[in-house]
Structures are given as structure tokens and as C-alpha cells.
Amino acid sequence: MANITMNSILEKMTGKDKDYRYMATSDLLNELSKDGFKADSDMEIKLTNIVLQQLNDAAGDVSALAVKCLAPLVKKVAEARVKEMTEKLCVKLVNGKDQHRDIASIALKTIVSEVTTPTVAQCVLVCLTPQLVKGITGAGMTTEMKCECLEILCDVLNRFGNLMTTDHDLLLGALLSQLSSNQTSVRKKSISCIASLASSLSDDLLAKATGAVVQLLRNKGLKPEMTRTNIQMIGALSRAVGYRFGPHLGDTVPLLIHYCTNASENDEELREYSLQALESFLLRCPRDISSYCGEILRLTLEFLSYDPNFTDNMEEDTDDESHEEEEDDESANEYTDDEDVSWKVRRASAKCLAAIIVTRPEMLSKLYEEACPKLIERFKEREENVKMDVFNTFVELIRQTGNVTKGQIDINELSPRWLLKQEVPKIVKSINKQLREKSIKTKVGAFSVLKELVRVLPDCLAENIGSLVPGIEKALSDKSSTSNLKIEALIFTRLVMASHSPSVFHPYVKALSGPILSAVGERYYKVTAEALRVSGELVRVVRPPDFKGRGFDFTPYVHPIYNAILTRLANQDQDQEVKECAISCMGLVISTFGNNLQAELPACLPMLVDRMGNEITRLTAVKAFAVIASSPLKIDVSCVLDHVIGELTAFLRKANRALRQATLGTLNSLIVAYGDRIGSPAYEVIIVELSSLISDSDLHMTALALELCCTLMADRNSSPNVGLTVRYKVLPQALTLIRSSLLQGQALLALQSFFSALVHSENTSFDDLLDSLLSSAKPSPQSVGLAKQALYSVAQCVAVLCLAAGDQKCAFTVEMLTDILKDDSSTHSAKQHLALLCLGEIGRRKDLNSHAHIENIVIESFQSPFEEIKSAASYALGNIAVGNLSKYLPFILDQIDNQQKKQYLLLHSLKEVIARQSVDKAGQAEFQDTSVEKILKLLFNHCESEEEGVRNVVAECLGKIALIEPAKLVPALKVRTTSPAAFTRATVVIAVKYSIVERPEKIDEILYPEMSSFLMLIKDHDRHVRRAAVLALSTAAHNKPNIIKGLLPELLPLLYDQTVVKQALIRTVDLGPFKHVVDDGLELRKAAFECVDTLLDSCLDQMNPSSFIVPYLNSGLDDHYDVKMPCHLILSKLADKCPSAVLAVLDSLVDPLQKTINHKPKLDAVKQEVDRNEDMIRSALRAIASLNRISGGDCSLKFGSLVNEIMKAPLLSDKYNSIRYE
């Protein structure tokens, strides 16, 4: 049946009437496009012949349809037919008439783009490649002919370059010869072709191509246009092959710099191409270009202001604004020259400078010294497109400053952030001139610079706000302003208001409020939404949340702001973003100006309640009521209070997690503010609802629910029924929660507050609660005992409960717990474990001196056969000592001296004491009064202990004492860095690690000059000492990066060296039936990579990522499982922070990643090994997903094929997709 249809169509296609032919060709296209289409061999021959025939149809629309038929036809016919069609089209292309050449070219491009299988591709290439080479190099070929062949070849190389390795040499020779063609179009297309070929060339052929181009460039007699072509070729090669071009930079960079500086005055294109090629080197070969960066920087700065045909007479600054505006009008018409293309050189310079900024974070200080003033000066650029590039380059400079100094608080004079701060007045002065320009694009660019400046230096514009206000006002009020400009101006205004003190804006509120509020009434929703956000900031400025702006009269602005927002709030038919912004803003207005809006509240509050009823806006409305309830003005919301409480209680049952969280917070605020107006029945309903939210599956929600429960119990108006409801509904949930090993942080604190509040409730006795808590720790018949973390949770809650119940109950509990310890029977081990933890927690909070010999009772448990009881006893003894140092600390020290067997446990007790005391100032003072000398002597004696556990405890103790007594400890630790015993050297370095904490401490200034003595032990011959130094460096980089920044130039090469596999540290242990390989350097390598990961966060400006990626990271990606995991994290971080450095070596990263994702565990592998392998694959896929997000990553064919391979493998693609959407 199908064949009859096809025959009928084919018959009509050969008819004389062109309309018939057109309709028949259209029918054929429909048939071919059907999935189920199949043709026998005879029909295939007929089809291919007739489609080729139709390509030459005199009617253009018929031949165009025939080309469309080729696309599905190539996929539906046999290989031989495709080859036949290609051969016929090649003949038509090379030997046919001119009018047929174009259609043959389009047809061949269609075939090339539609071939999918390598076998068919190979078959097409065999007949196509020789013909294309003939068309390009054959004698007497016309320019048009060459161009067509080059275009087709470019498509072929892009798709099948890797399949053509045997022809690479031939093709390269043919194409290089065309670079000397007299026709510009041929040269341009040859450049594209060679670039497409380069990505699949071997290193030898790439060197041959580069060598040929460099040789031509060294020829002094070369025509200028040929020089330009060859320089373009170098840039194109670099863009195509990325980091592989690195070895050729020694030949090319000096040549490009020479041409750039020595080109004739009117040869702007030569300079432009040279700068573009240098930009490509900077982005793609960051490691190899390092030595030329200074020279390239000087070059870009020289040509950034290159403008030989224009002399700027207005260079000197003038502060007369009105005079300046007149001059702007004149200067717009002063000089125009359509033939002047010097702007291209300036644009290329700006982009090249941006490449230096993005790829060389370590050059930032130099850039501020040399490039920053020049960029600010070039804001006056007369060519608008170039001006945008100058703005973008400056934004990159500011952004990079933010990246490398993220998280750094103290700004020293070498910090890029400090250097940027010094430039702020000049930036503002220059930007103000740009904001007075007529061009909208210029103003948008100027605001983008200001926005980035405020993001990186939040409080930098305090002294310059006044000069910026007219620019903001003009951008918002001027009739010629576009929506885009208004949005940019509003975003900047919001950022600057949010990051500066409100008093800074008080003189300008009158000028700013009008334009901002009129923007609220704009028609375009994005402008309105942004204006509403700015209005929210304006409310905070006019009347700051702490009401400190007492000298400023805010009343004139209350009603204008309220009315502008009310209009938007009342309007229902508008964008959701506008609705949400209006609700949030109105909540802020009511909480800030509520006492000045008494008459308006009855009309406005019901509107907000109404928004709570709408599913789209209810979350925003709930948050708005939280803001109103938290207002210190105690806003009168009685007209809607009951309705709001009812709605919120119902929301606790909703599935939307964000809504439930916001509801709990809002209810808490409402009950604190208006508890006396809400009845106990409402409380009971709330408690019933919130009890179902308490579980370890969502600890944040649990913490909020328990906090709300405590607020409800604390309210004086609660009836006894409320306490009963809590007891029967919430308490069982709390007792289940406390058994969870996941419980920690805010949820644990909230649970402690809950028990503390519950003991005061009339319906719950202390004894019952204590029994419930202690019995919750008992192992049930169905389950094993509680996890260690859960026991600590129970102990903390018991301690809080006892303290809340008063001294008498507390004393009774301590007696009961000590009785449990006195009971020798080993059957009660779980009870004794909990009793010890409880005693420790109570002892830490309260002096247990009144309980005689409690320390001896606790220390008896050191004899227990169970490890967990020994550990708990050590914890308890240390914490009891915290409650009364003068009595119990000497006891512990005495025991350490006399009890050799118990030393490890007693040192742990001492560590508890020191760690707790070093945290708070009062504890430090108290600790100093006790026997520090004796403690130090004792600790230093244990530095050389054979047991690593003892050495670690000693190091932690020394580190924490160093926080209390730095002047004594730092010199003592430094002396021991030269100790002959390796364990002592390692211990003192680890001690330094423990003394570097996040908060500022007095040790910082004492340790700063001595840091080198400790960290330079990274060169030590003992691996334990080297690892200790790496760990200390990592902690310092995380907590106090500034104390190590000066040492990094010396430390980084040593650190990188620790990431290398050292054969000397790998040994084989003979275990009889089999041999086991032990890698003693594994832990050190892992620590070194983790340290680099930390340094990337805090000291990026001191690092050159490209020198680390190859070879160090590359070898890490192919190392042991434990090393690969941190390497994947580092790779993801680098992809985000230094994409250009990663792009430059992307191809070399593919092999180790491919090996990892395809790794299969052995058939007899245990579950743990299978799980580890699974984790490793997911980790590698996470890194690949980060690499895939880099723009420009598609230039690596190797990486592209890796991603395709992942997407084709069902198991891998599922994992990869789940990771992408995490």
C-alpha cells in the first residue's frame, strides 16, 4: 500500500505543472518524516534519484522543499544510497554550473548535519574529503567555489574531525596554503576551517600549524593584510585548542606584542587582532602565560586610551555641573569620523584587561596600583560600546576583589579591599559625570558599577551619597528614562539604603521619596516590584527599627508612603511579584508607622487577612503579620486578631513546609505581643496542631514548634488545661525526640527550654518528668541501647530540669545518681553510663562541693570493663571540675601524676576543664589563678607519648591553655619546634592548630610573628610532623587567613608537594597467604588537598590556580578514594571561582573523571566498598555538573563526549540529573 502511495507521489513530482510538483514534494516530505517509513531497495534508488533531480528544479520553492526532503531521507535509506547521493552532489558542486552550485552546497551541508552513525559518516567522508580538497586547492577554482568548499569542510570538521585523523596532514597543508590567498573571504574561511581542524589535531600537527604561521609572521616583507590574517589565525588556534597552545606561547606572545607596538598608525585592525589573541591566551593558557602578564598589562593600559585622531580638550576636571551639561551637548557633535576604527583597539584592550583581572587574582594589588586609575579615567570614553566594555572590566575588578576577600574582616593596607576603598571618591566623581550624560546605556552601565561597588564594600558611599542623589533622581524622573534604567537605579538605591546607616540619607529623603513613590505607580511590573522593595528600605531609613533617628521628623512621609503602597495592595489584577512586594512593604509600614496610622488600620489590616486566604500570597501575608506583631509600637490588631489566629492554626496542617515554618514564627510573635487577648481554648488547639510537627525528620521545624510551646506555657493567662494538653500531646513527642541520635543545635536547646518550662507547670511533677527522662534512655526489648549522642541529649535535659526545679530537688537527683554508680553490678552498665553523663552536665552548671567525695565515686568508674563508661566518667570528672576549679582541678592533676594506667582518661577530663574555661572570660581569669605551671609541666612530659590519642589530647589542652596564657605558651611551643623528638614537634604544631579559633583572641598578635616557625615544619623529614603542619595551615586559613597570607608564597609550593604520591612511603606487608600494600602518605595527601580547598575560600588572591590544577589536582583525581573526594570538591570550587583556569585544561581533566565514573567494584566486594564506590561516582558527577555550568565548556570536544556518554548510560544519567537538580 505504502509503495502505491509513493509511486503516485513520485509520478506527480515529475509532472510539468510546477504546482503539482510542489504539492507532490510536500507530500513526499510528510511521508519521509513519518517514524514508520520504510522503503525497499528499488524504491530507495527511485527516491534518491528523484530528490536529486528536484534539487535542480527551475522553480526555487520546489528545490527548497527537495533540500528539506534530504534530511529525513539520509536517515531512512541504506549507506550505499547516501554515498551515491554525496558523490553526485560533489560532482555537481565542483564541476556543475554556477546556478546549481549553491543548491548542491546546501544539500551537502544537510547530509553532513544529518548523518548520525560513524560508519555512514566514514563512508560519506571517503568520497567527500578528496573533492573538497580539490575544490579548495585545484588550479583555476573560483573564489566562490573555494568559499563553498571551505564552508562545507568546516561543518565536516566540526562534526567528524576525530574520524579523519588519516587526512589531517593533507587537510592542514591544503588549508595553510589558503592563508596566503589574495581573497579576504577565502582567508577568513580558511581560518575557521583550521580552527575546527585544530581541536582534533595531534600535538605534532598543531606544532606544525603554529610553526608555519609564526614563520610567516617573522617574515619582514609580509603584506599587512597577510599579517592580520596570520595573527587572527593564532587567536583562532588558541580559542580552539585551549591549554594545548601553552607550549607555543614563547614563540607567539613576543611577536604579538611587537606587532601591537610597532604597527603603523592607521593599522588598527592589526592591533585589535593581536590584543584579541593575547586575551585568548590569558583565558585559556593561564599557567604558561604567567611570565608575560606584566608586559601584557602595560600593553593593555597603553592602548586603553589609544585615540590618535582625537584630542580631548576637556580632560581637566570641572565641578561646574550646569556648565558641564552644556559642554556635553556641544561635544556630542564635536567630532565624528565614520572611518575612525581606533575604538576597536580600545575595546580589545578593555577585554584583554578584563581577562587579566579574571584569571590573575594574585595580581590584584598591582592592578589597583596600575590599572584602576586608568580605568576610572576611561569612564569618559566617547564611543559608547567601548565605554560599556570599560564599565564591565571595572565591574570584574570589583567582583574579583569581592571573591578573593570574601569572609575577611580586618582590612590591612595590602588588602585589595582596602585599595578599592581608597579609590571610592574618584570612582564616584567619575560616575557622577556619566550619570549626567544623555545616553541611557551609559547611565545603566554607571549604575552597574555602583551596584557592584556597594555589594563588595557595603558601607563605602556614606560620604558620597549627596553627590549621587541627583543622578538617581534624574534616572527615575526623566521622561526619556527606560524601564531598564529605572530598575538599575532602584536596585542600586535599595542596596545602598540597606548597607548604610539611615542617618546618612536623612538630608536627602525629601528628594528621593517622590521619585521612588511615583515609580511604585509605574505600569511595568518589574519597575513596580523593585520600587516597592526600595520603599521598604525607605521606611527603615525614615524611621529606623531602633527608633534612633529622633532628630528627624518622619511624619510628613507616613501618609504618602502608606497611600502609594495601599493602592498596589488593594489592586488584585497585577503580577504576583508586585502583590508579594506590596504585602511585605505594607507589613513594614504598619509595624514602623502604626501609631501614626490608627485611623487607617481598620481598613488596611482586613486586606492583609484577605491575602492570607489566597494560596499564592498567604506565605508573604503570614510573614507580614510576624513583622507587625514584633513591632515595639504594640500595634492594635484586635479587629483581625481572632481571625488571624484561626487561619494560622489551620496552616499548621498544610503540606507546604515553608508555610508551616513561617506560621510557627508568626504565632510565637503574636502570642508574645497579644497573649492577653487570645483565649486559652485557642492555645489548646495550637498545641494539638504543633505536637504533630515535633520529630527528628525536620529539626528546624521541631525547634520552632518547641519554642512556640514554651511561649504558650510561659504566658500568665494560660489555663491549667493548656498544661494538661502539653503533657498529653507534646511531652510524648518530646520523649520520643530525645531518643534520636540526630538531635542537636537549636532543636536540642529548644527541648531543654521545654523541660525547664514544663517543670513549672502545675500539672506535671518534677519526679514524673525525671523518671520519664531517665526511662527514655533505657534500652527497650525491641531495640538496642540509645546512641551516644542521644544519651548526651538526655543528660543535658536532666541537668536543665534539676536546675529549674531548685537546689533541693537537684541535691536529691545527684544523690540518686551517685547511688547508681555505687551499685557494682555490671548489669546496670547503661544506667551507670547515663548517670555519669548527668552528673557531668549538672556539675558543669552547679558546684557539687556539698556532695562529699563525689570525685572519688566518679573516678571509681575508670575501672569499668566498658569503654563507654570509662569515657563518660572522664567527661563527668572534667565537667564537675568546671563547677568548682579550686577543689577538683588539683585532684585531677594529682591523679594524673600518680595513676599511670588512668592517664589517658584523666587527660580527657583535664581537656574538658581547659576547653570549657578557654571559651568564657570569667573562666579564663579563674583558671589563671590555679596551677597553670603544674599543668604545663605535666602536658609537656606527655608530648612524646607513643599513643596518638594521648598526644592529640595533650595538643588540644596546650592549644586551649595558649588562648588563656598566650605570652607564656607561644614561646614554650616555639622552643619545642626544634625538639629532636618528631612526636613533640608534631604535638606543638597541633597545639597551635587548636589555638587558632574564629573569634578574635589576645593570642593572635603574639602568634602572628611566630607563625612561620610552626608552619615551616611542612618541610620536616617526618610525615607526622608534615601532616600536623598541613592541618595547622588549614585551620589558620579557615579561621584567621590574615595571619598566614604573607607566608603563602613560600608555603604553597611546599603544600602542593605534599599532594604528590611518594613511593618511599608505600610499603608491602607480608601477611603469609597474601601481601598487603600500605600507603603511609595517604593521610598526608588527603590533608594537603583539604587544605588547598580551604585556601581557595579564604586566600584566593594569593594563589595561582592554574599552576595547581596541572599537575597536582590532575594526579589527585586519579589517586585513592580518600584523595579523590576532596579533589572533586576543589574542582567544583575552581569551576565556580576561576572558570577560565579550569577551561584552559579541561581536556586533561576528562580522563581521570571518566575512569572514576566507570569504575566497577570487584564482584566479591563487601557492601561498604560498593557504597564507597557509589559515593565516589556521585562526587565525580557533581564535579562534572559544575564543569558543565562553565560558559565556554562546549569548546572541549572531549568533555562534550564525556557528558554525552553519561547521558546515554541510564544509571549514570539518572544520578547526574538528580545531582543537577539538588
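A charge sits over a ring if NZ of Lys or CZ of Arg is within 6 Å of the ring centre and within 35 degrees of the ring normal. This is a predicted model, in which local features need pLDDT of at least 70, side-chain atom pairs count only at pLDDT 80 or more, and totals for chains, interfaces and linings use all residues. Residues are numbered from 1 along each chain as its sequence is written, and side-chain values use heavy atoms, without hydrogens and water.

**View A. Arginines over phenylalanine rings.** R951 lies over the face of F983, 3.7 Å from the ring centre. R976 sits over the face of F940, at 3.6 Å from the ring centre.

**View B. Aromatic pairs.** The structure holds 13 aromatic pairs (rings of Phe, Tyr and Trp, its six-membered ring, with centres within 6.5 Å; planes under 30 degrees apart are stacked, over 60 edge-to-face, the rest tilted). F303 and Y306 form an edge-to-face pair, because their ring centres are 5.5 Å apart and their planes stand at 65 degrees. Both F303 and Y306 are buried (under 20% relative accessible area; 1.4 Å probe, protein chains only). F552 and Y557 are stacked, because their planes lie at 5 degrees, with centres 6.0 Å apart. Both F552 and Y557 are buried.

**View C. An aromatic cluster.** Ring pairs link Y1056, F1089, F1108 and Y1112.

View D. Strand 1 (residues 1066-1070) pairs with strand 2 (residues 1075-1079) in the antiparallel sense over five bridges. Strands are DSSP runs of E, at least two residues, numbered from the N terminus; two pair if DSSP finds at least two bridges between them. D1070 stands opposite K1075 in strand 2. Four residues separate the two strands of the hairpin, and G1072 in the turn has a positive phi of about 80 degrees.

Key:
Buried means under 20% relative accessible area, exposed over 50%, partly exposed in between (1.4 Å probe, protein chains only).
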